Amino acid sequence: MKHMRLFAALLSLCMLLTACSSSGGEQTAENGGTEEDTLTLAYITHTVTNQYWDYVVQGFEDQCEAEGVEYITFDSNSDAGTQLTQIEDCISMGVDAVLLSPLDDESAASMIQMVKDADIPIFIVDIGSTEDVNCVTISDNYGAGRMLGEYAYERHGEDLKPVVISTPPGVVITEERKNGYTDYFEEMGIEYDTLTLRMNYDRADVLKLAEDSITAFQDMNAVFTPNDDAAMGVIEALRAAGIENVDVYGFDATDEGIAAIEAGTLTATIAQQPYMFGTETVKEAVKCLRGEEYTSKLDMPCVLVNADNVAEYQ
């Protein structure tokens, strides 16, 4: 099987373009290809330096091979400008469908429109978007965030004093996670402090924010972060400052996050299904391109992982 995994702009290729409809609900492609056509799917991922996204990429590539279609993987390195260039590459290459994990809803809008204007089906993977696309594969980030808030309240009751690390505006999934636990805090009458990141939400950025705002943690007993990588940054900052007895909550259940729960440094995380994000979205894209019915939304399950059930995720 010929396939490519690319991390920069690619040379233009000439391929057959197959378009399909994008009405809501169960959908059927109007001009889907036949099984004899050579289909090519492109996936523009958020980054491959985060284990969670690496699992999504693996699911995407494995399912493409299982379906007998060619594939191209782009690493945007968490840069919206790079994603825009990669969208332009996909269009010029004439790929049959684009799978996209955009950085935020604002940058996604123009890229989605470009793909639609080129009559190429587009499928959004995990990040979420308010734009009209063929299919969105998403977790219940709001509900999962609420689960974390409820668990923290179970541990501390009315003595809960949380700090929330918030991503910049426009990152839909992390805003939903944050809203899940902050809405719960407000319902329970729990006051909380918020620290807002200016740039990305990886370990280095969160570590710097935590170090610069370390006094904010001294009177608190829980920190809520956008993902496990960010949680590792908080754990490192707390350790360096000698601050103990502070719960740290992550999201994604990465290998490092699971190990941190086992070590007692991470209190809880949320297990999603990143590999399935890749496999299931490819299945819907292939159905679309082959003229079969496909769905406009795939909901992936979430599970809270803590010391009680961490052994199940080793």
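Start where the axes of helix α6 (residues 203-212) and helix α7 (residues 228-241) come within 7 Å and cross at roughly 35°. Axes here are lines fitted to C-alpha atoms, for helices over the stretch in contact, with angles running from 0 to 180 degrees between N-to-C directions. Helices (H or I, at least four residues) and strands (E, at least two) are DSSP runs, numbered from the N terminus. The contact (heavy atoms within 4.5 Å) is made by Arg203, Val206, Leu207, Ala210 and Glu211 on the α6 side, and by Asp229, Ala230, Met232, Gly233, Val234, Glu236 and Ala237 on the α7 side. Sorted by class, that gives seven nonpolar, one polar and four charged residues. Ala, Val, Leu, Ile, Met, Phe, Trp, Tyr, Cys and Pro count as nonpolar, Asp, Glu, Lys and Arg as charged, and the others, Gly among them, as polar.

A word on ground rules: this is a predicted model, where local features need pLDDT of at least 70 and side-chain atom pairs count only at pLDDT 80 or more, while totals for chains, interfaces and linings use all residues. Residues are numbered from 1 along each chain as its sequence is written, and side-chain values use heavy atoms, with hydrogens and water left out.

Now stay with α7. Its buried residues (under 20% relative accessible area, with exposed over 50% and partly exposed in between; 1.4 Å probe, protein chains only) are Asp228, Ala230, Ala231, Met232, Gly233, Val234, Ile235, Ala237 and Leu238. What do the buried residues of α7 pack against? Their partners are β8 (162-166), α6, β10 (222-224), β11 (247-249), α8 (255-263) and β12 (269-271).

Over to the strands. β7 (residues 135-139) and β14 pair (at least two DSSP bridges) in the parallel sense over four bridges, and Val136 stands opposite Lys297 in β14. Strand β14 (residues 297-300) has Leu298 and Met300 on its covered face, and Lys297 and Asp299 on the uncovered one. In a regular strand the side chains alternate between the two faces of the sheet.

Two loops deserve a look. Ala253, between β11 and α8, has a positive phi near 55° although this residue is not glycine. Ala253 counts as buried because its relative accessibility is 15%. Ser78, another non-glycine, has a positive phi of about 55° and lies in the loop between β4 (70-75) and α2 (80-93).

Finally, zoom out: the chain has nine helices and 15 strands, and 55% of its 314 residues count as buried.
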